[in-house]
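Please open the model in your viewer and keep the sequence panel beside it. The tour below moves from one selection to the next and says what is found at each stop.

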Amino acid sequence: QQKAVIIGAGIAGIAAAIRLAVKGYTVEVYEANSYPGGKLSQFEQNGYRFDAGPSLFTMPQYVDELFKLAGKNAADYFGYQKLDVVCKYFYEDGTRLSAYADTKQFAKEIEDKTQEPAAAIIRHLANSRDIYDITNHVFLERSLHRLKTFLRWDTIRSILRFPQIDPFRTMHKANLSGFKDARIVQFFDRYSTYNGSDPYQAPATLNVIPHLEHHFGAYFPDGGMYSITQSLVKLAEELGVQFKYNYKVDEIVVINSVAKGIRAKGEDILADVVVSNMDVWFTYNRLLSKHPKLHPKKILSQERSSSALIFYWGINKQFPELDLHNIFFSADYQTEFDHIWNQQDIYHDPTVYLNISSKYKTDDAPEGCENWFVMINVPANNGQDWDQLIATARNHIMNKLSRLLHQDIGKLITTESILDPRGIENKTSSYKGSIYGTSSNSQFAAFLRHANRSSKAAGLYFCGGSVHPGGGIPLCLLSAKITAGFVK
Ligand code: FAD
């Protein structure tokens with residue numbers, strides 16, 4: 001039986017393990033941490049449970065697909081429910097919007113509360129669907145590094161419709177010409193942050209993202225986000241995959257341009273297939289440092305996505321006006337992004353994302369309390385004075401939430417934990433603490449992401465948010481699918 005070793009038990013590493021086990025491989029997953037999931041992990045503190053990283057769950061079909069592939073009934077392992085309200089939005093001018101999943105209800109909500117006609121929303125979402133239909137097969141579900149992809153009829157049809165995906169102007173410019181109400185421009189510009197990009201630089205192709213929320217929907221896993229990791233690890237173990245925790249890999253062994261295995265804890269572990277789920281930048285710079293000729297220098301010099309600063313707060317009160325996902329917009333989005341991307345610091349009025357899983361999973365917080373995951377977008381780690389930036393941002397965030405919720409939030413915090421770009425980098429080996437690998441600020445970004453296999457070392461493969469097709473849970477799951485598709 002052939003053997004595969006996987007470096008990292010991030011969500012893509014786990015999915016790749018399942019797919020290779022189904023193919024008949026003996027699979028071992030080597031994970032540096034004492035737990036699986038990488039960014040998709042959880043922790044508990046003083047009676048509160050927090051999902052540490054991702055909080056928005058879309059495209060659950062890619063999780064279900066793994067159970068089906070293994071001949072199991074997904075619902076026996078993993079349950080989730082669709083959200084009627086995807087997110088609540090709060091503006092500094094007092095406007096409050098509920099983004100209903102149902103398109104008509106959502107468009108009506110916007111027409112009722114802003115100057116934007118419902119028809120403009122319907123039109124925008126139809127455009128979003130068109131971009132999805134054109135790009136999905138080419139950019140998401142298949143390898144861009146395989147001739148076969150480009151010889152397919154649906155790819156050729158997509159290429160002929162290429163101008164329709166709007167790659168030559170920025171997302172902000174497109175939204176500015178599509179909407180007359182600045183609040184709605186800001187609303188749709190925000191989707192660029194779903195892959196850590198900047199709406200003032202990223203191509204309007206990213207206007208595909210609202211389609212994922214408003215067509216496919218947003219979901220809440222019954223057991224919280226971490227149950228995605230738990231259920232897939234359970235499936236993998238049932239398929240015979242062995243997870244080795246606290247097992248940091250130091251080297252990928254390559255002889256005569258063939259990956260022969262890995263080196264960890266001073267031992268060589270031989271394998272027919274090596275899959276790195278570790279950030280591709282660190283894979284080359286740490287695990288393949290002896291092989292500079294293998295390094296794809298241009299790809300590794302790509303701009304990184306933004307990072308995040310998160311305050312996990314136990315809150316001694318419940319807020320009926322809040323939902324699972326809440327956004328508190330900055331009054332000046334352009335200046336906020338200028339700080340993230342050009343000044344590389346934190347704007348004094350950042351857009352705040354507040355996730356409260358105890359709204360759905362009540363035992364995530366003690367009775368009468370809520371578990372707040374409070375996140376802002378921040379630059380990747382370039383050696384800024386984070387302690388100083390965090391202290392200042394904490395005050396600004398607390399003032400903003402207190403102002404918009406008419407409560408002194410500082411007085412309600414009973415427990416706190418903080419994650420910043422340095423922590424993200426250390427905990428998951430993500431270069432510069434970027435949360436989505438490379439940024440999508442250029443229209444060529446999709447083509448410059450690392451492929452799912454090495455073109456220079458046979459037997460070496462890659463999956464996860466830093467390689468094709470990109471970051472976020474659904475794309476990471478697709479990356480594992482493309483990777484496994486390469487393995488014979
Ligand atoms: P990672 O999670 O990056 O894991 C890689 C694993 O490899 C880690 O466990 C690490 O310990 C291990 N590893 C690294 N080096 C070694 C080594 N040398 N030896 C052994 N093991 C090693 N996505 C969404 O879809 N929705 C969201 O709402 C969302 N929000 C996010 C919020 C935050 C704060 C963060 C951080 C991310 C968010 N994301 C979101 C992105 C999503 O979490 C990631 O794209 C995805 O989880 C990355 O998975 P991955 O498979 O690339 O691996």
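This is a predicted model: local features need pLDDT of at least 70, side-chain atom pairs count only at pLDDT 80 or more; totals for chains, interfaces and linings use all residues.

Select Cys476 and then Cys463, whose sulfur is the closest cysteine sulfur to that of Cys476 at 8.2 Å, too far for a bond. A disulfide is a pair of cysteine sulfur atoms within 2.5 Å, and by this rule the count comes to zero disulfides. Cys476 counts as buried at 10% relative accessibility, where buried means under 20% relative accessible area, exposed over 50%, and partly exposed in between (1.4 Å probe, protein chains only).

Residues are numbered from 1 along each chain as its sequence is written, and side-chain values use heavy atoms, with hydrogens and water left out.

Next, colour the two domains, whose bounds come from an automatic or database domain assignment: domain 1 is 3-41 + 57-77 + 225-301 + 441-486, and domain 2 is 108-214. Their C-alpha centres lie 29 Å apart. Where they meet, 18 residues of domain 1 are in contact (heavy atoms within 4.5 Å) with 18 residues of domain 2. Between them the two domains bury about 1600 Å², 62% of it on carbon and sulfur atoms, buried area being the accessible area (1.4 Å probe) that two parts lose on being put together, summed over both. On the side of domain 1 that touches domain 2, the elements giving two or more residues are α16 (445-448) and α17 (473-486), and α17 provides the largest share, five residues. Helices (H or I, at least four residues) and strands (E, at least two) are DSSP runs, numbered from the N terminus.

Select Glu92 and Lys400, which form a salt bridge with their closest N and O atoms 2.8 Å apart. Glu92 lies in the loop between β7 (85-90) and β8 (96-100) and Lys400 in helix α14 (residues 386-405), so the pair ties together parts that are 308 residues apart in sequence. Lys400 is buried at 1% relative accessibility, whereas Glu92 is partly exposed at 27%.

Move to Asp93, which forms a salt bridge with Arg183, the closest N and O atoms being 3.5 Å apart. Asp93 lies in the loop between β7 and β8, and Arg183 in helix α8 (residues 182-189), so this pair joins parts that are 90 residues apart in sequence. Here Asp93 is exposed, with a relative accessible area of 52%, and Arg183 is buried, with 17%.

Another pair to select is Glu251 and Lys290, whose side chains meet in a salt bridge (3.1 Å, N to O). Glu251 is buried at 17%, and Lys290 is exposed at 59%.

For the last stop, select Gly53, found in the loop between β4 (48-51) and β5 (57-58). Leaving aside residues up to four places away in sequence, Gly53 touches Lys39, Ser41 and Phe373. The C-alpha atoms of Gly53 and Phe373 are separated by 9.2 Å, although the two residues are 320 residues apart along the chain.

How values were computed:
A salt bridge is a side-chain nitrogen of Lys or Arg within 4 Å of a carboxyl oxygen of Asp or Glu.
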